[in-house]
Amino acid sequence: MAHLKLQNLRKLYGSAIAVHDFSLDIEKGSFVTFLGPSGCGKTTTLRMIAGFELPSSGSILLADKDITYNPPNQRHVGMVFQSYALFPNMTVADNIGFGLKLAKVSKAEITQRVAELLGMIHLPELGGRYPHQLSGGQQQRVALARALAIRPDVLLLDEPLSALDAKIRLSLRMEIRQIQQQLGITTVYVTHDQEEAMSLSDRIVVMNKGNIEQVGPPAEVYNQPKTAFAASFVGTLNLLNGHIADASGGKVRYDGQIFDVGHPLTAELNSPITLALRPETLDLDPAEGDNHLTGIVELVMFLGSIVRLTVLVGEQRLMMDTFNERTLKVPKVGETVTVYFPPEACLVLNPEAEQH
């Protein structure tokens with residue numbers, strides 16, 4: 001049974017729809033991420049769960065209790081903000097224990113709980129410092145500890161890493177996931193960073209213009225996108241606008257070259273079709289049964305562990321990623337190459353062309 005239930009949530013600002021008919025069941029102890037571009041409604045939905053925004057319609061149930069119109073301090077949820085929101089005139093220890101003090105917990109219990117959390121966030125010696133004496137990463141750890149101090153039923157995080165540099169983001173991301181799993185706390189996380197969403201989540205909710213585009217585990221959302229938006233937003237994507245060469249045989253023609261999408265299509269002969277290919281599914285070495293397209297290398301980019309080629313095929317560019325290693329032979333800019341990919345790598349983005 002779902003621990004947190006969002007039922008037909010809708011949020012209007014005047015005539016503008018920020019969130020439209022949002023329904024989702026979240027299991028106890030799971031880590032769910034709302035992923036989407038700015039303005040898609042992900043933070044508004046999170047704030048409705050927290051009680052900082054009231055829905056125009058719909059309901060929110062936590063442990064089978066309707067909390068839709070409860071004030072934030074009566075929901076028993078913990079919130080971590082992008083801006084840390086620490087009290088500047090309080091020490092780290094006092095910030096962490098603030099919610100417990102409001103709940104009239106004894107001083108001894110507050111001291112013990114604060115010490116536990118300082119150890120959990122790896123800042124055991126910094127309880128006496130003030131926020132301005134901490135780095136950004138340390139401040140966000142304190143904000144996380146403060147949210148966890150009251151032992152909330154649900155932990156909410158609103159883009160908590162976006163203000164931090166890349167190395168700190170990666171480190172703190174792993175710590176957040178470890179703490180969440182250690183405590184078994186139901187967590188809802190908001191981000192526009194697909195890498196964060198993929199690495200942290202049990203399930204990802206891809207959002208666009210106030211609507212849910214897809215819900216599923218990271219591997220499913222990435223490998224089996226349900227909509228063109230989900231396919232293009234999650235990960236890097238190559239798009240090919242071709243035409244049906246043989247519907248029953250699953251053949252597509254692009255730039256005078258024909259290849260196989262791996263299953264029959266329903267569209268008529270010569271009708272347009274849009275296909276997507278992930279960069280990592282392309283290769284310069286053929287395997288049995290592979291499709292192939294020939295083009296010209298336009299750009300070679302070294303991205304550390306990855307080498308990315310941009311190949312011009314007809315009027316469209318294909319990006320190809322391959323692991324960097326010492327013996328890798330990289331083609332030169334201007335060189336003609338043949339790019340290979342298996343039929344199952346082709347994602348059909350025209351729903352009307354799919355065989356059902």
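**Chatting through the predicted model**

Me: Starting with helix H1 (residues 42–50), how many of its nine residues are buried?
Reply: Seven of the nine, so H1 is mostly covered, where buried means under 20% relative accessible area, exposed over 50% and partly exposed in between, with a 1.4 Å probe and protein chains only. Helices are DSSP runs of H or I with at least four residues, strands are runs of E with at least two, and both are numbered from the N terminus.

Me: What kind of model is this, and how are residues numbered?
Reply: It's a predicted model, where local features need pLDDT of at least 70 and side-chain atom pairs count only at pLDDT 80 or more, while totals for chains, interfaces and linings use all residues. Residues are numbered from 1 along each chain as its sequence is written, and side-chain values use heavy atoms, leaving out hydrogens and water.

Me: Which residues of H1 are buried?
Reply: Lys 42, Thr 44, Thr 45, Leu 46, Met 48, Ile 49 and Ala 50. After H1 comes Gly 51, with a positive phi near 100 degrees.

Me: Which strands does H1 lie across?
Reply: E3 (31–35), E6, E7 (154–158), E8 (186–191) and E9, and H1 runs at about 145 degrees to E7. For such angles, axes are lines fitted to C-alpha atoms, for helices over the stretch in contact, and the values go from 0 to 180 degrees between N-to-C directions. Contact means heavy atoms within 4.5 Å. Helix H4 (residues 136–149) also packs on the sheet, touching E6 and E7, with its direction at about 170 degrees to that of E6.

Me: And what's the strand order in that sheet?
Reply: E6-E7-E8-E3-E9-E10, an open sheet of six strands with mixed pairing; two strands pair if DSSP finds at least two bridges between them. E6 (77–80) and E10 (211–216) are at the edges with a single partner strand each, so one side of each has no neighbour in the sheet. From one strand to the next, the twist averages 15 degrees.

Me: How do E9 and E10 pair?
Reply: Antiparallel, over five bridges, with E9 covering residues 203–208. Asn 208 sits opposite Asn 211 in E10.

Me: New topic: where is Gly 250, and is it buried or exposed?
Reply: Gly 250 is in the loop between E11 (238–246) and E12 (251–254), and counts as buried because its relative accessibility is 0%.

Me: What does Gly 250 contact, leaving aside neighbours within four places in sequence?
Reply: Phe 259, Asp 260, Val 261, Gly 262, His 263, Pro 264 and Leu 265. The C-alpha atoms of Gly 250 and Gly 262 are 6.1 Å apart, with the two glycines twelve residues apart along the chain.
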